[in-house]
Amino acid sequence: SRAIKTNQDLLPETPWTHIFYNDFWGTLLTHSGSHKSYRPLCTLSFRINHAVGGMDPWGYHLVNVLLHAAVTGLFTNFSRILFGDGYWTLIAGLLFASHPIHTEAVAGIVGRADIGACLFFLLSLMCYVKHCSTRGSSPSTWGWVLGAGLCAGCSMLWKEQGVTVLAISAVYDIFVFHRLKMHQIIPALYKRKNLTFFSIGLLTSWGTALLGVRLYWMGNKPPSFSNSDNPAADSDSFLARTLTFFYLPTKNLWLLLCPDTLSFDWSMDAVPLLKAVSDWRNLHTVAFYAGLLLLTYSSLKGSGSERECNGKTVMNGKQNANGHSCHSEMECKTLEVKSSFASKEENGIKKHEMQKLQLPSTENIVILSLSLLIVPFVPATNLFFYVGFVIAERVLYVPSMGFCLLVTVGVRALYVKAQKRFLKNLIFCSTAALIVFYGLKTVVRNGDWQNEEMLYRSGIKVNPAK
């Protein structure tokens, strides 16, 4: 109601420039009651919807669905860079298209902020990928990095977490494009990688500038929320706040893994506070962070002798069953590239052109996937400032890209390691079944948004008090 029905910024008699001074709900940013949600581009899209169709919800829903389709297409195109042409890219795209966690962002009109931010998030990332592939060989390369910066700014103007794409771009540059391990980053500073770190310096400077301007524009004050919005933030117990805030990311990951119980409102006591160390939910927290650290460490170290390369098992410095070789420091390639690598190099193809034909290794993709999962979610963790919710499924729209990539690369690793054809077929069919069940759950979940009564009925199970 506040974002659209009673928002004066959508009315034609209100100067359109007001959207740049007011928050998402039409309240002046510097007002003490403002939530500081500065999303002028999303509000502008609502205003255009209002100008075209008034309060008819059909047009608003159509725009949301079209935006989700565009994001899915861009995400699939980005997955192609990681997995190449083939069914792994298709699986990643279908997982993202069908995941039930997206229902709130797409079916709920105000969720457009997350979809729009994700659209420009991917546009920025794709521009930076293009910059990496043309750096040092084309004068237009700095045009691509400029486009990446502008799209990152637009993403932040759709929703705040959009600025995190700059960090993801840096991760892509270091760990995917250059395939560096953690211990190789410092030595690389003293080698011929000056352009790379100049690019990352630009990303850092631009991100700092965007955050500084936004903080200044919102009056240099953090937002304030009621006790019911975020009970843990209002708790007098430091232990309860700490344990609860550490547990909430675990609960969010479970919603991505098993989106069985979903709700549009997780406020109040929907997630009871963890008030003691003896609370059994702390075991979930320990398991979550231990698994996360182990996965990150093993990927950064990347010392395993056996690697998965585009659906083929490869031993360091040895040939696989198909007779293709992959040295320990050579990256995974498509079969076509492997078979013609020597001849193309003899024909004078430059190194950077060959690099464009290479596919990242499993470890590279895992690092990028974890970054996509974690970094865009950090603003919602209460780590730097308190947020106005306990859990919000729409916030997981951007991080779910990292989750879908992780699932895909995990399935690919299992498929590669399976020796028997029966096991390979079982893994593939199980993945297809997962996508089908995700899609069915999404269809069922969409029914909750038919009208207000059905929406509130759907939330009773999770939040009866509200």
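Predicted model: local features only at pLDDT ≥ 70, side-chain atom pairs only at ≥ 80, totals over all residues.

Visitor: How many helices and strands are in the chain?

Guide: Helices (H or I, at least four residues) and strands (E, at least two) are DSSP runs, numbered from the N terminus. Here the chain has 17 helices and two strands. Of its 466 residues, 50% are buried.

Visitor: How do I read a salt bridge?

Guide: Look for a side-chain nitrogen of Lys or Arg within 4 Å of a carboxyl oxygen of Asp or Glu. In the whole structure, ten salt bridges are found. One of them joins Asp173 and Arg135, with 2.9 Å between the closest N and O atoms. Asp173 lies in helix H7 (residues 165-177) and Arg135 in the loop between helix H5 (112-134) and helix H6 (141-158), so the pair ties together parts 38 residues apart in sequence.

Visitor: Are Asp173 and Arg135 buried or exposed?

Guide: Asp173 is buried, at 0% relative accessible area, and Arg135 also counts as buried, at 11%.

Visitor: Which side chain meets Glu160 in a salt bridge at 3.0 Å?

Guide: That of Arg214, with the 3.0 Å taken from N to O. Arg214 is in helix H9 (residues 194-217) and Glu160 is in the loop between H6 and H7, so this pair ties together parts 54 residues apart in sequence. Arg214 is buried, with a relative accessible area of 13%. A network of salt bridges links Arg39, Glu160 and Arg214.

Visitor: Where do Arg457 and Glu453 lie?

Guide: Both are in helix H17 (residues 452-458), four residues apart, or about one turn of the helix. Arg457 counts as exposed, at 56% relative accessibility.

Visitor: What does Asp114 touch?

Guide: A contact means heavy atoms within 4.5 Å. Leaving out residues up to four places away in sequence, Asp114 touches Lys159, Gln161, Arg394, Val395, Tyr397 and Val398. Asp114 is located in helix H5 and is buried, with a relative accessible area of 1%.

Visitor: How many disulfides does the structure hold?

Guide: A disulfide is a covalent bond between the sulfur atoms of two cysteines. The test is a pair of cysteine sulfur atoms within 2.5 Å, and the structure holds zero disulfides. As for individual cysteines, Cys42 is buried at 0% relative accessibility, while Cys258 is partly exposed at 31%.

Visitor: Which residues does UniProt list for "transmembrane region"?

Guide: UniProt positions are given in the numbering used here, feature names are shortened, and annotations may be inferred rather than shown by experiment. The unreviewed UniProt entry lists several ranges, including 58-75 and 395-415. In the model, residues 58-75 are 100% helix and 0% strand, with end C-alpha atoms 26 Å apart. Residues 395-415 are 81% helix and 0% strand, with end C-alpha atoms 31 Å apart.

How values were computed: Residues numbered from 1 in each chain as written. Heavy atoms only, no water. Buried < 20%, exposed > 50% of the residue type's maximum accessible area, 1.4 Å probe, protein only.
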